[in-house]
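Good morning, and thank you for joining this group meeting. Please look at the sequence and the structure as I present them.

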Amino acid sequence: PFMQQVTLLGSQITGTRGLGTDLLSAWSSSPDPLNRPIPPASWPARVQRTYELPGQGPRGTVVSFDCRFERGATREVVILQVRHVGVEMGETCTGPTGSFENLHLADAGSGFVWRSLQWTGPAMPLLDLQIVDPYTGN
């Protein structure tokens with residue numbers, strides 16, 4: 001077994017193990033439409049994302065980025081034969097160590113992010129996240 005793990009809070013990747021360079025932890029300012037669905041027309045202009053990456057000492061290296069959202073076109077995605085129509089939301093993040101871009105497909109009504117390409121660290125490619133069945137706590 002490969003022992004690979006991806007940890008989520010809503011549609012936000014908050015940790016990875018066994019995919020290459022681990023993401024120890026990640027968190028963001030509130031409200032974050034990846035954590036709790038927000039209709040795309042009501043997404044905040046920006047969020048702050050903080051990542052804890054491997055490094056010296058038990059806490060590793062902690063880096064923060066200022067991220068801005070930009071609404072894109074209406075798109076369609078099929079995940080395990082289920083069609084989802086949503087709004088493409090670009091996210092450009094800048095911080096002291098550089099910049100990166102995430103891309104999200106948010107349901108046009110509820111804002112739930114069904115598919116997302118997310119940064120998980122400087123040595124990793126964007127992780128392609130596709131939600132099959134949202135966690136509801138039940």
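Let me begin with a question: is the link of Cys67 and Cys93 right-handed or left-handed? The link is right-handed, with 115 degrees about the S-S bond. Please bear in mind that this is a predicted model.

For those new to the term, a disulfide is a covalent bond between the sulfur atoms of two cysteines. A search of the whole structure finds one disulfide. In the pair formed by Cys67 and Cys93, the sulfur atoms are 2.1 Å apart.

I turn now to the chain as a whole. The protein chain contains nine strands and zero helices. Its radius of gyration is 15 Å, close to the 14 Å that the globule rule gives for 138 residues, so the chain is as compact as a globular protein of that length. Along the principal axes, the C-alpha atoms fill a box of roughly 45 × 40 × 30 Å.

What share of the 138 residues is buried? Buried residues account for 38%. Of the contacts between residues at least 6 apart in sequence, 38% join residues at least 24 apart.

Technical notes: Residues numbered from 1 in each chain as written. Predicted model: local features only at pLDDT ≥ 70, side-chain atom pairs only at ≥ 80, totals over all residues. Heavy atoms only, no water. Helix = DSSP H or I, 4+ residues; strand = E, 2+ residues; numbered from the N terminus. Rg over C-alpha atoms; globule rule 2.2 N^0.38 Å. Buried < 20%, exposed > 50% of the residue type's maximum accessible area, 1.4 Å probe, protein only. Contact = heavy atoms within 4.5 Å. Disulfide = S-S within 2.5 Å.
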